[in-house]
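Good morning, and thank you for coming.

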Amino acid sequence: MPAFTQKYAVIQLFEPMPVGMQFSSDNWPLHSTIVDTFAIDWDAAKMAEQLELLLAPHTPAYSTVEGDTFFGPEKQTHVMLLQKTEGLRGLHNDMITLLEQGGIVLNDPQFAREGFLPHSTVQKHARLHKGDEVSFIALTIIDMFPGSNPYQRKVLATIPLQG
């Protein structure tokens with residue numbers, strides 16, 4: 001049996017959730033992903049510490065919802081596309097550059113850097129709409145396998161951007 005690999009994601013929550021809160025993998029809160037699912041050599045505490053050093057002085061990013069489309073091999077995931085603003089692109093790239101120092105291995109590297117496609121998945125209970133303005137002011141680290149459970153997610157830390 002292969003060894004278990006811990007994975008994380010970094011998102012902007014559009015619905016507040018406290019640190020430590022868990023939710024099921026099929027019932028995410030409304031959010032936008034800044035760094036998609038990845039493994040890293042750093043432990044969670046080291047990663048949070050490094051991200052806090054990067055993000056605390058970072059300027060918040062802003063975007064506007066441009067419209068909807070469908071992602072996935074069978075176009076099964078309904079998403080709202082966000083404008084790829086300079087601020088949002090810079091925030092994403094700065095985070096990838098930092099996480100590379102910790103040996104980041106992205107599940108889908110084609111969606112990083114130039115392939116970054118900011119969006120928010122339409123959830124069962126909430127969604128963004130065309131023309132909505134969104135703010136990226138506090139990024140949240142998500143544990144993708146809390147307690148080695150692939151069906152749960154857990155809020156590990158939320159780091160405000162105060163620059």
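By contact I mean heavy atoms within 4.5 Å. Leaving aside neighbours within four places in sequence, Ile34 is in contact with Val10, Ile11, Leu88, Leu91, His92, Met95, Phe116, Phe136 and Leu139.

Two remarks on the source. This is a predicted model, in which local features need pLDDT of at least 70 and side-chain atom pairs count only at pLDDT 80 or more, while totals for chains, interfaces and linings use all residues. Residues are numbered from 1 along each chain as its sequence is written, and side-chain values use heavy atoms, with hydrogens and water left out.

I turn to the helices. Helices (H or I, at least four residues) and strands (E, at least two) are DSSP runs, numbered from the N terminus. Helix α1, residues 44-55, has 12 residues and reaches 16 Å from its first C-alpha to its last, close to the 16 Å expected; the expected span is 1.5 Å times one less than the number of residues.

Which residues of α1 are buried? Buried means under 20% relative accessible area, exposed over 50%, and partly exposed in between, with a 1.4 Å probe and protein chains only. They are Met47, Ala48, Gln50, Leu51 and Leu55. Seen down the axis of α1, these residues fall within an arc of 165°, so they line one face of the helix; the arc is that of the directions from the helix axis to the C-beta atoms. On the other side of α1, Ala45 and Leu53 are exposed. The buried residues of α1 pack against β1, β3, α2, β9 and β10.

Helix α2 has 15 residues, and its buried residues include Leu88, Leu91, His92 and Met95.

Next, the cores. A nonpolar core is a set of buried Ala, Val, Leu, Ile, Met, Phe, Trp, Tyr and Cys residues joined through side-chain atoms within 4.5 Å. The largest has 35 residues, and Ile34, Val35, Phe38, Met47, Leu51, Leu99 and Ile141 touch the most other members. Helix α2 gives the most to this core, with six residues. A second, separate core of 10 residues includes Ile11, Leu13, Met144 and Phe145.

Finally, Thr140 lies in strand β9, residues 138-143. Thr140 is buried, because its relative accessible area is 0%. Not counting residues up to four places away in sequence, Thr140 touches several residues, including Ile11, Leu13 and Thr158.
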